[in-house]
Amino acid sequence: MLSSRVCLVPKTVRLVHSLICSSSSSTMDLKALLSSLNDFASLSFAESWDNVGLLVEPSPPHTVNTLFLTNDLTEKVMEEALQKKANLILSYHPPIFRPMKRVTWKTWKERLVIRALENRVAIYSPHTAYDAAPHGVNCWLAKGLGVCTSRPIHPSKAPDYPTAGTHRVEFNVNHTQDLDEVIATVKGISDVSVTSFSTRADDEEQTRISLNCSQQALMQVVAFLSQNRQLYQKTEILSLEKPLLLHTGMGRLCTLDESVSLTTMIDRIKTHLKLSHVRLALGVGRTLESQVKTVALCAGSGSSVLQGAEADLYLTGEMSHHDILDAASQGISVILCEHSNTERGFLSDLRDMLVAYLENKINIILSETDRDPLRVL
C-alpha cells in the first residue's frame, strides 16, 4: 500500500504541471472572453448608474493569455499586472467612473489608461453585476455568517419580458360592431400580437380582445380605439413588468438556522474577512450577548441598499453617520468592515469559478498588492 501511494505523487505532480503548462500556452480572443464573462454573470444586472464592462480596449485583434484579478486598480496594482504579463485586468471597481475630458499624465486614473494602452492591456469591470449575481460578492459575504438561507433585499428583474410587448390592452366587442374589422385593424399595427375569446358582459355574448404591444404601438392602438366611444370607454391598459428573479439582486437578507450572540457573529465575520478589528454600533437596547437571527448585508457601501430592511444586524463596509443612527434607533446593530474588505475576499472564489467556467483556457491570477487603503492603528 505504501508503494502505491508513493507512485501516485509523481503522477499528480505531472498532472498539475501539465495543467499549468497548457493554460499558460492557451489564449482566448478578447471578444470571445468578454462574451464568456457576460454569460458567467450578465452585465444587465448592474445598476443603471454604474460603469461596467470593457473600459479600455487595445486595438483589435487582442488575445488574452493571462487574466489578472483585482478589487481596485491602483498604479501599484497596474505595475504588478504589467510585471506579470497580464493581457486583461478584471477590476471589480471601475477605474473609470466619471467621464474623462482628456487623457494626460496629470492624474493617476489618466495614467492608468495610458499605461494600459501602451502595454496592450484591456481593462474590464463587472462591479454591481457581481453584487447582484447568485454566485457573486454578496453571497460570498453571507458565507461567513454560518448556515443560513438568503434572498436578495432588492431582487433584480429579468432582462426580458415574459411575453412580447411592454403593455397589454383589453376590450370587448359586441354584436353591433364589426369584429373582423377591429381585429384586422389592430393586427395591422406593427409590434402587436392579438388573441380573442368569447365572454359574457352586459347580459350578452361578446368577444374579448387581448393584445400585447410595444410602447410605440400602444399610441396607435389607443388612437384607433378612441375613434369608437363604445370600445374606448371600457378599454383596460396594463403596463407589463419584467418578472423578479428570486436569487439575483442587491444585498442579501439572511436568516440563520440557529441564532447566535452578537459576539459570536462578530468573531465569525472577522474570521471570514481575515480582519483583526471591525467597527460596531450597538442597536438601542442591545448588548454583545443579544441574539442575532437575521442579518441584512451589502458588500461595499450599504446605506441605500440596507435602508428599511428588517433585521437584527446590518453588515456592510461603510455607512453614513446618520444612517447608522437611524438603524441603531430601531434596535438594529451595525457592523462596518471598511468598504473593500467586504469585497476583496470574493476574488479567490471568483478565480476558482472562472478557471472551471473557462475550462482552464487561460491563466487567471490574483493581485498580491491590492488592499484596502484604510488601516486601523
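Leaving aside neighbours within four places in sequence, H247 is in contact with A132, P134, P152 and R252, where contact means heavy atoms within 4.5 Å. The model is a predicted one, in which local features need pLDDT of at least 70, side-chain atom pairs count only at pLDDT 80 or more, and totals for chains, interfaces and linings use all residues. Residues are numbered from 1 along each chain as its sequence is written, and side-chain values use heavy atoms, with hydrogens and water left out.

H247 sits in strand β13 (residues 244–250). Helices (H or I, at least four residues) and strands (E, at least two) are DSSP runs, numbered from the N terminus. H247 is exposed, with a relative accessible area of 55%. Buried means under 20% relative accessible area, exposed means over 50%, and partly exposed lies in between (1.4 Å probe, protein chains only). From H247 to T316 the distance is 19 Å, C-alpha to C-alpha, and the two are 69 residues apart in sequence.

Strands of a sheet pair through backbone hydrogen bonds, either parallel or antiparallel. Here, two strands count as paired if DSSP finds at least two bridges between them. Axes are lines fitted to C-alpha atoms, for helices over the stretch in contact, and angles run from 0 to 180 degrees between N-to-C directions.

Three bridges join β2 to strand β6 (residues 122–125), and this pairing is antiparallel. Within it, V56 stands opposite I123 of β6.

Helix α4 (residues 108–118) has E110, R111, L112, V113, I114 and A116 buried. These buried residues pack against β2, α3 (75–83) and β6. After α4 comes R120, which has a positive phi, near 55 degrees.

### The six-stranded sheet

A second open sheet has six strands in the order β7-β14-β16-β17-β18-β15, again with mixed pairing. The edge strands β7 and β15 (279–281) each pair on one side only. From one strand to the next, the twist averages 25 degrees. Strands β16 (residues 291–301) and β17 (residues 313–318) run parallel and are joined by five bridges. L297 has L315 in β17 as its bridge partner. Helix α10 (residues 262–273) packs on this sheet and touches β14 (252–261), β15, β16, β17 and β18, while its direction makes about 120 degrees with that of β14.

### The core

A nonpolar core is a set of buried Ala, Val, Leu, Ile, Met, Phe, Trp, Tyr and Cys residues joined through side-chain atoms within 4.5 Å. The largest one has 47 residues, of which L88, Y130, L145, M265, L315 and L350 touch the most other members. This core lies between domain 1 (28–129 + 346–366) and domain 2 (133–156 + 246–340), because both give residues to it; the domain bounds come from an automatic or database domain assignment. Not counting residues up to four places away in sequence, L350 touches F40, L69, L90 and Y130.

### Salt bridges

A salt bridge is a side-chain nitrogen of Lys or Arg within 4 Å of a carboxyl oxygen of Asp or Glu.

| Pair | Closest N and O atoms |
|---|---|
| E80 and K84 | 2.7 Å |
| K143 and D349 | 3.0 Å |
| D370 and R344 | 2.8 Å |

K143 lies in the loop between α6 (137–142) and β7 (148–151) and D349 in helix α13 (residues 346–357), so their pair ties together parts that are 206 residues apart in sequence. K143 is exposed, with a relative accessible area of 56%, whereas D349 is partly exposed at 25%.

D370 lies in the segment after β19 and R344 in the loop between β18 (333–336) and α13, so this pair ties together parts that are 26 residues apart in sequence. Both D370 and R344 are buried. A network of salt bridges links D72, R344 and D370.

In the remaining pair of the table, E80 is buried, with a relative accessible area of 6%, and K84 is partly exposed, at 29%.
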